[in-house]
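Me: I have a structure open and would like to go through a few places in it. Could you start with the terms you will be using?

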Amino acid sequence: MKKPINKKKLIRAAAFSLCVILLVAGWIIYSGISGSLITQDAADRFRGETGGLFGQVSAFYKAGESGTEDEIRSFRQKLSEEYVAASLEAPAGGSLFKDCYSAEGRLSVRGDRAAVELTALGVGGDWFFFHPLKLISGSYINETDLMSDGVVLDEEAAWRLFGGFDLAGLKVYINDVPYVVVGVCETEKDEATKAAYSGEPRIFMHYSALNAISETGITEYEVAGADPIGGFLKDITGKSFEKAVIVENSSRFEPGRIFKLIGDFGTRSMRKEAVAFPYWENAARYNEDRLAFVLLVIAILGVYPAVCIIVTVVRLIGIGTGSLKKRLPDLKEKISERRYDRKAGR
């Protein structure tokens, strides 16, 4: 005769399995969101295969404040001195840190096809290392370029100005001054950037060139480098950029940090200083909110399996303890018999 099926146990097993499946799916979603922004993993890319602790920090100037290239150079010197004081040596032919900075403006740019109002990003340092936008053609511009008349167009600007993308060597004109197109890049396709960026066409140029046109001050600074103890890089950056809001990028999507955001729900949106964050920082904050929701769902789904496991372990301990108690008299008797046999043998 077949033993009747215990429906309660079957339901509990099904609920447990469903929760576990949803938990795995939740962590896959969490991992996908946390790794979707190319602007937040500069520390990992800079670390490469060398190992060690590396961090990434951003400084966003408050409203009405801005920085200068002299301040950036001064900070680079200070950071190098701090590394020496911490007994850190740069690898041969390398450096312990990379950095970049930028400013934003609006410019009228003329190409072969039309004249268009574009968002202009004046960039310095290794900006395209921190923002590795995929190239459609050509190359990036860099602070080490001999000339500062090179520009990079995004795909929307390239299409409006020229009606194509293979533009390396062609010229655009700003205030009738020629600038050479060295590359065309794609715009980011991830959900967070689409939500944070309105999609207006952009031109990337050397900060010195933009500043010469519109006298625009630096509005953001980013650095990725060795971080020998937790907060080392952030602390030095914060002391040097007192007029800015400091953000730790390299660990912002870790579950512990996201749980803290859940605890700060309500106060997170309260800003005590006015800061116009660039679109990539707004995209990161958008993902933080999404991750907070995913993590909350994961925590709720994890309650039932955790309770089931705890109950099972407690029951197994109880069964083992009960079995031991039942066998204890027999064990005592066997021990006594062995002692008696030893004495009799002697």
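Reply: Contact, touching and packing here mean heavy atoms within 4.5 Å, and helices (H or I, at least four residues) and strands (E, at least two) are DSSP runs numbered from the N terminus. This is a predicted model, in which local features need pLDDT of at least 70 and side-chain atom pairs count only at pLDDT 80 or more, while totals for chains, interfaces and linings use all residues. Residues are numbered from 1 along each chain as its sequence is written, and side-chain values use heavy atoms, with hydrogens and water left out.

Me: OK, helix H3 then: which residues of H3 are buried?

Reply: Ile72, Phe75, Arg76, Leu79 and Tyr83 are buried in H3, where buried means under 20% relative accessible area, exposed over 50% and partly exposed in between (1.4 Å probe, protein chains only). Seen down the axis of H3, these buried residues fall within an arc of 105 degrees, so they line one face of the helix; the arc is taken from the directions from the helix axis to the C-beta atoms.

Me: And what do the buried residues of H3 pack against?

Reply: They pack against strands S2 (97–110), S3 (115–125) and S9 (220–226), and also against helix H8 (232–240). On the face turned away from that buried side, H3 carries the exposed residues Asp70, Val84 and Ala85.

Me: Switching topic, which residues touch the most other members in the largest nonpolar core?

Reply: Leu153, Val172, Ile203 and Met205 do, in a core of 45 residues; a nonpolar core is a set of buried Ala, Val, Leu, Ile, Met, Phe, Trp, Tyr and Cys residues joined through side-chain atoms within 4.5 Å. S2 gives the most to this core, with 5 residues. Apart from it lies another core, of 21 residues, among them Phe130 and Val245.

Me: Is Glu281 buried or exposed?

Reply: Glu281, which sits in helix H10 (residues 279–345), counts as buried because its relative accessibility is 0%. Its side chain is joined to that of Arg252 by a polar contact of 3.0 Å, that is, a pair of N or O atoms within 3.5 Å, where within protein one must be able to donate a hydrogen and the other to accept it, and residues adjacent in sequence count only if both atoms are side-chain atoms.

Me: Last one, where does Ile38 lie?

Reply: Ile38 is in the loop between helix H1 (7–34) and helix H2 (42–47), and it is partly exposed because its relative accessible area is 31%. Ile38 and Phe130 are 92 residues apart in sequence, yet 7.8 Å apart in space, C-alpha to C-alpha.
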